[in-house]
Amino acid sequence: MADHSIAGKVVLIAGGAKNLGGLVARDLAAQGAKAVAVHYNSASSRADADATVQAIQAAGAQGLALQGDLTSAGAIEKLFADTVAAVGRPDIAINTVGKVLKKPFSEITEAEYDDMSAVNTKSAFFFLKEAGRQVNDNGKILTLVTSLLGAFTPFYAAYAGTKAPVEHFTRAAAKEFGARGISVTAVGPGPMDTPFFYPAEEADAVAYHKTAAALSPFSRTGLTDIEDVVPFIRHLVSDGWWITGQTILINGGYTTK
């Protein structure tokens, strides 16, 4: 019987410096992971990555920070290669990378579309590809998407639209990697109370999102709290391994599908 615990495992988290990715990194270290490699995109996130690595080390795990722009396949290959060289092949690979654009369909430029596609679609595809090559047998692969995949709404065509292909990537990868005991899932949180959310939203939209979930009155902020998402990710990359090929929306009743 394969060991599906987190204890002693090597973890790689793309976008693991801060917000949900950073909290997942700290949580998995606290659950006994042997090593957690934290990816960050640019110099602006370096301090957050270093703070997360310090927390990982304080929990008793090896921690390292790795920088890279994951909109190229080569950068993703390097991220995995650097992780393998430093701490060994990952057992768990999590991709939280994403970018939001809220804008009317008719105003989205080609450059904006290309940027959103590179960050949300291309990077997810090649992360899954490389994870399939590098993750150990009986490993776990998880990608962050969005609960807007279950919504009927304007203005998010470029954001939700470039996250939507990850649902099929996840299904295909789950079928292809399943022979090696690897589970592949996607998680779509609702609007989260992080700095990732607020720049794209006007005050009236923020007020709406804070009341849209069925369980909003029981949330600290009215939004999806990242602390409420982490236990589901922990489960999917450990005892919840029998769930595979699925996109799971975690949002307190904000959207369903």
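In this predicted model, helix 1 (residues 19-30) packs against helix 2 (residues 46-58) at an angle of about 15°, and their axes lie 8 Å apart. Helices here are DSSP runs of H or I with at least four residues, numbered from the N terminus, and axes are lines fitted to C-alpha atoms over the stretch in contact, with angles running from 0 to 180 degrees between N-to-C directions. Helix 1 is therefore roughly parallel to helix 2, a label for angles under 35 degrees.

Which residues of helix 1 meet helix 2? They are G22, A25, R26 and A29, and their partners in helix 2 are A51, T52, A55 and I56; contact means heavy atoms within 4.5 Å. Ala and Ile count as nonpolar, Arg as charged, and Gly is among the polar ones.

Just after helix 1, G32 adopts a positive phi of about 105°.

A second pair is formed by helix 4 (residues 110-134) and helix 6 (residues 165-177), whose axes come within 10 Å and cross at roughly 10°. Helix 4 is thus roughly parallel to helix 6. Their contact has seven nonpolar, four polar and no charged residues.

Residues are numbered from 1 along each chain as its sequence is written, and side-chain values use heavy atoms, leaving out hydrogens and water. Local features need pLDDT of at least 70, side-chain atom pairs count only at pLDDT 80 or more, and totals for chains, interfaces and linings use all residues.

Technical notes:
Helix = DSSP H or I, 4+ residues; strand = E, 2+ residues; numbered from the N terminus. Parallel < 35°, antiparallel > 145°, perpendicular 65-115°, else oblique.
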